[in-house]
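Trainee: I would like to go through some of the terms used for this structure and see what each one rests on.
Mentor: Then let us look at it and take the terms in turn.

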Amino acid sequence: MPKIDQLFGTDGVRGTAGRYPLDRPTVRRLGAALVRALKAGRVPPDQASGLRLLVGRDTRESGVWIEAELTHGASGEGAAVTSAGVVPTPAIAYLTRTAGYDAGVVISASHNPFEDNGIKVFSGRGEKFTERVEREVEAIVADTGWSAADGEPGPVAQADLVGAYLAHLRAVFPEALTLPPVKLAIDCANGATTTVGPALFASLGFDTSVIANTPDGRNINFQCGSTHPEPLAQTVVQRGCEMGVAFDGDGDRAIFVDRRGAIVNGDAVLFMCARHLQSEGRLKGQAIVATVMSNIGLELALRTLGIDLVRCPVGDKYVMEEMLKRDLSLGGEQSGHIIFSDYLFTGDGLCTALNVFRTVALSGRPLGDLAADLVSYPQVLLNVRVRRKVDLAGVPAVADAIARVEARVDGKGRLLVRYSGTEPLLRVMLEGQHEDEIRQWAQEIVDAVEEHLG
């Protein structure tokens, strides 16, 4: 049996563009393997021809050649591939489902710098591939008994499909055009939302100030977007905006800023939207899904409303799987990946923004006031770069440091130590009553990790 590399992480295939697994031969082979896996899953087998794939990308300079190589591999296996060009990740998820494609592929590394890129795949239902299907694709890639099509990649067929996605989004906030215009700042992260975000909000009557809207292939996420919301906060305050929203490079997450420039994260969004959906009778199961990274304060605040919090591992695909299993309306991550299942089973920054703006408008309260209803425990998150990802229980000094901190926070907080699914990082998250104290405790773990694994 050939060795099977794990290519897919928590959010698809990720890496530095041009290096394995995002070198040209592997990308081409991935495109072909994807089609082979889809054919194998078709019943009956005589319907395995005529597969249709939809591809989209963000603004990274490497996206064009990755799209071309992936398309060449897929078309070599008989698939018809169409590119929607630069569009947000959720646009591909939505259009794959509604336009009858067999799968959708997004070429993006989300919030990572431009040197990185990635490949994530959606099923014909617009849902991220399950781990089972990802393992099937990896096994096909590893099989040395076949080869991907050779030759130079040709031009990729293009189609302008974004209009249907924009119409879908406008339906999220049908009351928008009946309300007075609101001054809004948006940060497009020089990424995929540059092609749709400004036009969407203008069409709904918002008075918008737009920043980070001039992509050049290399400035995606650079000192802007959801991971760097400081320029947005400054813009909101200086221009007297009611609020602001920052997207990430591929447009599947959103972080907000209130009129005073304060950051409003995914936990606050989950709380205010859960409460609003409950008030409208639209919160299925009286529960929402959040990851292990969400603050314990969210769990306690929801409990007072009779809403359960179901936790899952980090990664919006795990949020999606839990929501599907329990038939729930709302789920998400502290980082701003929020899923509203009434609209789509993947994170959508633009959809999240419209739901938040609608909640603010219909409540009659400013964003900052709604966010303040959630009282969060102090939380410290430290990242440490590691040479390799090993079982921490097998590193005595690290295991001892973790055990000491767990004993200190028992019953008074929460410790979570986990590896990043997309980068060579170990994340140490600690919640407790006093920030200075928990920061010191978290640093003890980081110091042990740096000494033995850094």
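**Terms and the values behind them**

Mentor: Start with R29, whose charged end sits over the ring of W146 at 4.0 Å from the ring centre. Keep in mind that this is a predicted model.

Trainee: What distance separates R52 from the ring centre of Y101?
Mentor: It is 4.1 Å, with R52 lying over the face of Y101. The distance limit for a charge over a ring is 6 Å from the ring centre.

Trainee: Why is F201 with F206 called edge-to-face?
Mentor: The angle between their planes is 85°, and planes over 60 degrees apart count as edge-to-face. The centres are 5.9 Å apart, and the limit for a pair is 6.5 Å. Both F201 and F206 are buried.

Trainee: What makes the pair of F201 and F247 stacked?
Mentor: Their planes are 15° apart, and under 30 degrees counts as stacked. The centre-to-centre distance is 6.5 Å.

Trainee: Why does this pair tie together parts that are apart in sequence?
Mentor: F201 belongs to helix α6 (residues 197-203) and F247 to strand β10 (residues 243-247), so the parts joined are 46 residues apart in sequence.

Trainee: How do you know that F247 is buried?
Mentor: Its relative accessibility is 0%, and buried means under 20%. F201 is likewise buried, with a relative accessible area of 0%.

Trainee: Which residues do ring pairs link into a cluster?
Mentor: The cluster consists of F173, F201, F206, F247, F256 and F357. The count of aromatic pairs comes to seven.

Trainee: Why does V105 count as buried?
Mentor: V105, in strand β5 (residues 103-107), has 0% relative accessibility and therefore counts as buried. Leaving out residues up to four places away in sequence, V105 touches L34, L54, V55, G56, L70, I92, I119, K120 and V121.

Trainee: Why are helices α13 and α14 called roughly antiparallel?
Mentor: The axes of α13 (residues 396-409) and α14 (residues 435-452) cross at roughly 175° and come within 9 Å. Angles over 145 degrees count as roughly antiparallel, so α13 is placed in that class relative to α14.

Trainee: Which residues of α13 and α14 meet?
Mentor: From α13 they are A397, V398, A401, I402, R404, V405, R408 and V409; from α14 they are W441, E444, I445, A448, V449 and H452. The residues of this contact divide into ten nonpolar, one polar and three charged.

Technical notes: Residues numbered from 1 in each chain as written. Predicted model: local features only at pLDDT ≥ 70, side-chain atom pairs only at ≥ 80, totals over all residues. Heavy atoms only, no water. Axes fitted to C-alpha atoms, helices over the stretch in contact; angles between N-to-C directions. Helix = DSSP H or I, 4+ residues; strand = E, 2+ residues; numbered from the N terminus. Parallel < 35°, antiparallel > 145°, perpendicular 65-115°, else oblique. Contact = heavy atoms within 4.5 Å. Nonpolar A, V, L, I, M, F, W, Y, C, P; charged D, E, K, R; others polar. Phe/Tyr/Trp six-rings, centres within 6.5 Å; stacked < 30°, edge-to-face > 60°. Buried < 20%, exposed > 50% of the residue type's maximum accessible area, 1.4 Å probe, protein only. Lys NZ or Arg CZ within 6 Å of the ring centre and 35° of its normal.
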